[in-house]
Amino acid sequence: MKIFIRHILRTALTLAVSAAVSNVAAGQDYVSTPVEISKEKVRIDGKICYSHIVLEKQTLYSISKAYGISVDDIYRFNPTLKETGLKKNSIIIIPSQEALKSENAIQQPAVRDEMTEKKETVRKDAAKDTENTVKEDKKEDKKIEKKQQKERTHRIHIAKWYEDLDVISEQYGVSVADIMAANNLKGRKLSKRQKLIIPYPGEVITPAEEVKEDTLRVEPSVEIAEIAGQQDSIVNVQPKEKINATILLPLTESDGEPIRNNMDFYCGALLAVYDLANEGINCNLNVHDIHSNDTPFSLESLTGSDVIIGPVSTADLTRLFNVIGDNTLVVSPLDPRAEKLTHSHSSMIQIPTPQSTQYHDLVTWLEDDYVAGDRVVLITEKGARQTTVTTVMKEALDSSSLAYNTFSYSILEGRDISQPLTGLMSLEGKNRIVIASESEAFVNDVIRNLNLLIYNNIDITIYAPSKIRGFETIEVENLHKTSMHVSLAYYIDYDDPKVKDFLLKYRALYNTEPNQFAFQGYDVARYFIELCSKYGDGWKENIGSHDMNMLQSTFNIRKKEIGGYINEGVRRIVYENGYSIKAIR
């Protein structure tokens, strides 16, 4: 592994020197790329910042001027930049004006006088008295709660396809162990729409306890059915001490130049191997640059691999299957378009979550949020060709329990739709709007019109495809005003301790900032190496019971009825007031 790391560091240094030489050679021809304010805002230690993707020829000076801050401010939030400089496609954190004010306030020494000290003493004494009172109240509450538990009905939770015991435990504030004990569960795997008894905190329900039909209370309300204990389906579990993993990537162009995004994926994978080694999981990582020769795939070079990650393109994946057949599982890590190969190859695992899965989850989310009195409106573009988003959104709504209205108009009619659109809205409840379009011009017009209705005190929440987040002509302020809900394949929560840990290690190891490909390389390598270590040669049979939340992806991999495997994991985010984005899961 050390050899690989040294190789990457040498490559990174070569790239940096080459870039410097190119810049000098360019001389007076150099023109910096204009900087646009990022629409992505994240919270870093409670401070609102921008997540800026560096484009070619952008400079620290041009970026600082665009955001109205100093270069030193950028250095303060990106400590490795002084050593590495900017890197194309890397993500840097740009503090907002509010974040800088907060940072400066923290750095100002507090002035304390004698009166302040006295006030502080009085405050502490009062707090101590309050704490003692709270403790006494809690004791009394526990006595009352125990008495009431005898009269309580049993709570029932219907497990959704994307939920696991950890999610349900957090939702109800009950431990996983208590839920498993109450339902006589032998393992952690849940089936879709499985009914679980959820004990109240402190309540003990033993498997032998008879649960009468009239004491069941389903949350949310659905028909009551028989509750059956679920048996764990994990089979053939023989953990492995050492894993042989193979990565097949095109790392260089035909002229010898490195393919930066794939190199970043490789760097992320190396860091995953490093972390796993520190946790006691040893991995021999074999990496092949598949563009370095005319015959990149051979049975001999792949024999003994516990898992094969890559290649990227549909063409390269097809060539690989022509060599190894369908007896060896292959992980497709990056290209969403490669999903079509899962129809004909039963041994292919598609990691990028399909758009159709994201759209179905969006409607499921809406269904979960819906309360009596709400209105649901599906907005489509009149005269536009039928697209995947239009077809799938309508199918998902039709298969749900939701009643909805459809509103269709052309962009030329956009100035005259306020009145007819208002006629479909609830003036008292919440209006949940599904936008079934990925046309930037049309979506921009829809959101503009919806914001006009908000000014008329109509309560609106948008549910929209993830592609909308990349539209440059939409005012990001309008997305926050409409509380836009998005289900998407990738999202990085920079408040997540695991993300912070990854950033520190990546900067220390490579002296640069990671981009989305580095995060993906880490996620994919860590997930599958850990899976192989836990289940040994039986990992293929147990992949459906090994759901995990990674740094930027969620892995819920399921076998299709016909064909290979797809990842059904999605992440949900909400555009909130104050220009912040909240990760729901």
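This is a predicted model: local features need pLDDT of at least 70, side-chain atom pairs count only at pLDDT 80 or more; totals for chains, interfaces and linings use all residues.
Figure 1. A disulfide is a covalent bond between the sulfur atoms of two cysteines. For Cys 532, the closest cysteine sulfur belongs to Cys 283 and lies 8.4 Å away, which is too far for a bond, since a pair of cysteine sulfur atoms has to be within 2.5 Å to count as a disulfide. Cys 532 is also buried, with a relative accessible area of 1%.

**Figure 2. The protein chain as a whole.** The protein chain contains 19 helices and 22 strands, and of its 585 residues 46% count as buried. When contacts between residues at least 6 apart in sequence are considered, 68% of them join residues at least 24 apart.

**Figure 3. The seven-stranded open sheet.** Seven strands make up this open sheet, arranged in the order β13-β12-β14-β15-β16-β21-β22 with mixed pairing. Strands β13 (405–409) and β22 (580–583) stand at the edges with a single partner strand each, so that one side of each is left without a neighbour in the sheet. From one strand to the next, the twist averages 25°.

**Figure 4. Strands β14 and β15, with the helices that pack on their sheet.** Strand β14 (residues 431–435) pairs with strand β15 (residues 460–464) in the parallel sense over four bridges, and Val 434 has Tyr 463 in β15 as its bridge partner. Helix α12 (residues 355–369) packs on the sheet, where it touches β12 (375–381), β14, β15, β16 (485–488) and β21 (571–576), and its direction makes about 140° with that of β16. Helix α13 (residues 388–399) also packs on the sheet, touching β12 and β14, and the direction of helix α13 makes about 160° with that of β12.

**Figure 5. The three-stranded open sheet.** Three strands in the order β1-β2-β3 form an open sheet with antiparallel pairing. At its edges stand β1 (41–44) and β3 (91–95), each of which has a single partner strand, so one side of each is left without a neighbour in the sheet. Neighbouring strands here are turned against each other by 45° on average, direction ignored. Strand β2 (residues 47–53) and β3 run antiparallel and are joined by five bridges, and the bridge partner of Cys 49 in β3 is Pro 95.

Methods. Residues are numbered from 1 along each chain as its sequence is written. Side-chain values use heavy atoms; hydrogens and water are left out. Buried means under 20% relative accessible area, exposed over 50%, partly exposed in between (1.4 Å probe, protein chains only). Helices (H or I, at least four residues) and strands (E, at least two) are DSSP runs, numbered from the N terminus. Contact means heavy atoms within 4.5 Å. Two strands pair if DSSP finds at least two bridges between them. Axes are lines fitted to C-alpha atoms, for helices over the stretch in contact, and angles run from 0 to 180 degrees between N-to-C directions.
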